[in-house]
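Welcome! Take a moment to look over the chain below, and then we will walk through some of its helices together.

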Amino acid sequence: MATLPPLPMTRPKLTALARQKLPCSPRTIPRSQLIKEKDDIDHYLEVNFKGLSKEEVAAYRNSYKKNICVDMLRDGYHKSFTELFALMEKWDAQREAARLSSLLWVQRPLEEQPDKLDHFYHYLTRAEAAERKEYFEEVYNNLYALACYFNNSEDKWVRNHFYERCFKIAQLIKVDGGKKEAEAHAHMGLLFEEEGQLLEAAEHYEAFHQLTQGRIWTDETGRFLNLLACESLLRTYRLLSDKMLENKEYKQAIRILIKASEIAKAGNDKKMEGEASYYLGLAHLAAGEYETALAVLNTYGKISADLDDDLSLGRAYEATAKVLQSQGQMTEAIQYLKKVVNIARNNFQSLDFVRASTMLGDIFNEKGSYHKASEYFQQAFDTTAELTNVPLMDETKVHYGIAKAHQMMLTVNTYIESADLTSLDYLLSWKESRSDIAPLDYAPLQPKPGCLGLPVRLEIFREIPRARGNFFFTATLETTSRRQENRQTIIKN
């Protein structure tokens, strides 16, 4: 929710006088200096400002925190004083518990932040005065203004305190048709979601969604509350389903994602409906329900195409390729992945491009098409090198190295099985240069009956990756005579 604009602070007499001593100093002042300052202030006031009351003298002598508390009590706002004092004690207790191991220890206590104390006084006293008159909507507005003011990383716990106060007050408001109650449920849902309590968050978001159905309520930015409720509920359902899938609770995950899909359809937002279909399709894939997954992902693809959303269309094609790959339909999976590569290239989505290229390389590597596998792994590796993404670059380099090794071993094995002089020349030449071995592009000569063959043993002990997929192979070629059959090739990775 947006932060409300700041209101002019109305300060009582003591507080206004005490503001003249600000800014507050965070350093610790020795007691002797405080006593000396007190005596100096008393003497100065007696000489120059005769007739000042004790309260006015106290405004100069006491801390700003004490003046705020005194003003609250003097004006009769006992509840406001109690709440403020409890917040300051909680702040000190949290800092003391965290000590030097937490960033909370570096933050200043509330009593040393006069602007925040001013906001406390202004809104808490107004809320208490409205509560006495049972103007609960005004109470809600003042408490919500405090929640917005403290909506930052340092003071989030203060914000959460006033979210809870707003939620309790919203139950008493009956004149707005339930709008404040719906907003309060949204705030409580966010509170629990940030704390990782997803089930509690889902309960509040469900109430938020139910209260906003059929309403045209908007928030401070003009967004419809019902649409916000749908988005919040879908986000929570997706997080819940992720945990269920991790625990292999496929049926429960699918059930909750179906519910999310129905809510998205009712919200009349095609993009949100497509997102729900996407995650539902992935859940069916994880459960092994391939046909259902294809149907749901096809719906997501159609919605993305209607919206001219290339990125979402690429996600749909990639997920569909995974389903087809799981079914063993490699040809169809390759077609979809090639579409993903084109979409990612045209939209400068480097990570999507790398992921799709790697998937294509894996498929071709499994099929034994090592040349194509090397091409896709190489373009994935080149892209990660441009991104300077070291972990991903190392991963793609390994894939590229494996495919390149397979491609070279296939050529070497072909030369070995040929067992002729020309093949031996190629092998010896490759051993000397340690570069890519030339593929076999001629018809090998068959030894004539009675002629000696040239059996060859190739031992590849290990491969050492170099830049851009070049490799060293430690190899030993051994020729023998008077043998008519080739010895078995021994390959050690």
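## A pair of oblique helices

Helix 19 and helix 20 are oblique to each other, a word for angles that are neither under 35 degrees (roughly parallel), nor over 145 (roughly antiparallel), nor 65 to 115 (roughly perpendicular). Their axes lie 8 Å apart and the packing angle is about 140°. Axes here are lines fitted to C-alpha atoms, for helices over the stretch in contact, and angles run from 0 to 180 degrees between N-to-C directions. Helix 19 passes helix 20 in a left-handed crossing, meaning that the near helix is turned anticlockwise from the far one by less than a right angle.

Which residues of helix 19 meet helix 20? On the helix 19 side they are M408, V412, Y415, I416 and S418, and they meet S423, Y426, L427 and W430 in helix 20. Contact means heavy atoms within 4.5 Å. The residues of this contact divide into seven nonpolar, two polar and no charged; Ala, Val, Leu, Ile, Met, Phe, Trp, Tyr, Cys and Pro count as nonpolar, Asp, Glu, Lys and Arg as charged, and the others, Gly among them, as polar.

Between helix 19 (390–418) and helix 20 (421–433) runs a loop that holds A419. This residue, which is not a glycine, has a positive phi near 55°. Is A419 buried or exposed? A419 is buried, with a relative accessible area of 14%; buried means under 20%, exposed over 50%, and partly exposed in between (1.4 Å probe, protein chains only).

## About the model

What you see is a predicted model, in which local features need pLDDT of at least 70 and side-chain atom pairs count only at pLDDT 80 or more, while totals for chains, interfaces and linings use all residues. Residues are numbered from 1 along each chain as its sequence is written, and side-chain values use heavy atoms, with hydrogens and water left out.

## The chain as a whole

The protein chain has 20 helices and four strands. These are DSSP runs, numbered from the N terminus: helices (H or I) of at least four residues and strands (E) of at least two. The chain has 493 residues, and 42% of them count as buried. Among its contacts with a separation of 6 or more, 60% are between residues 24 or more positions apart.

## Helix 13 and its partners

The axes of helix 13 (residues 270–286) and helix 14 (residues 290–306) come within 8 Å and cross at roughly 160°. That makes helix 13 roughly antiparallel to helix 14, and the crossing is left-handed. From helix 13, the residues in contact include G274, S277 and Y278, while those from helix 14 include V296, Y300 and I303. By type, the residues of this contact are nine nonpolar, six polar and three charged.

On to helix 11 (residues 225–246), which packs with helix 13 at an angle of about 10°, the axes being 11 Å apart. Helix 11 and helix 13 are therefore roughly parallel to each other. Here L227, C230, E231, L234, R238 and L245 of helix 11 meet M272, A276, Y279, A283 and A286 of helix 13. Nine residues of this contact are nonpolar, none is polar and two are charged.

Two residues of helix 13 deserve a look. G274 sits in helix 13 and is buried, with a relative accessible area of 1%. Apart from neighbours within four places in sequence, G274 is in contact with Y300 and I303. S277, also in helix 13, counts as buried at 5% relative accessibility. With neighbours within four places set aside, S277 is in contact with S261, V296, T299 and Y300.

Now try K302, a residue of helix 14, which counts as exposed at 51% relative accessibility. K302 and G274 are 28 residues apart in sequence, and their C-alpha atoms are 8.8 Å apart in space. D308 has a positive phi of about 55° although it is not a glycine, and it counts as exposed at 66% relative accessibility.
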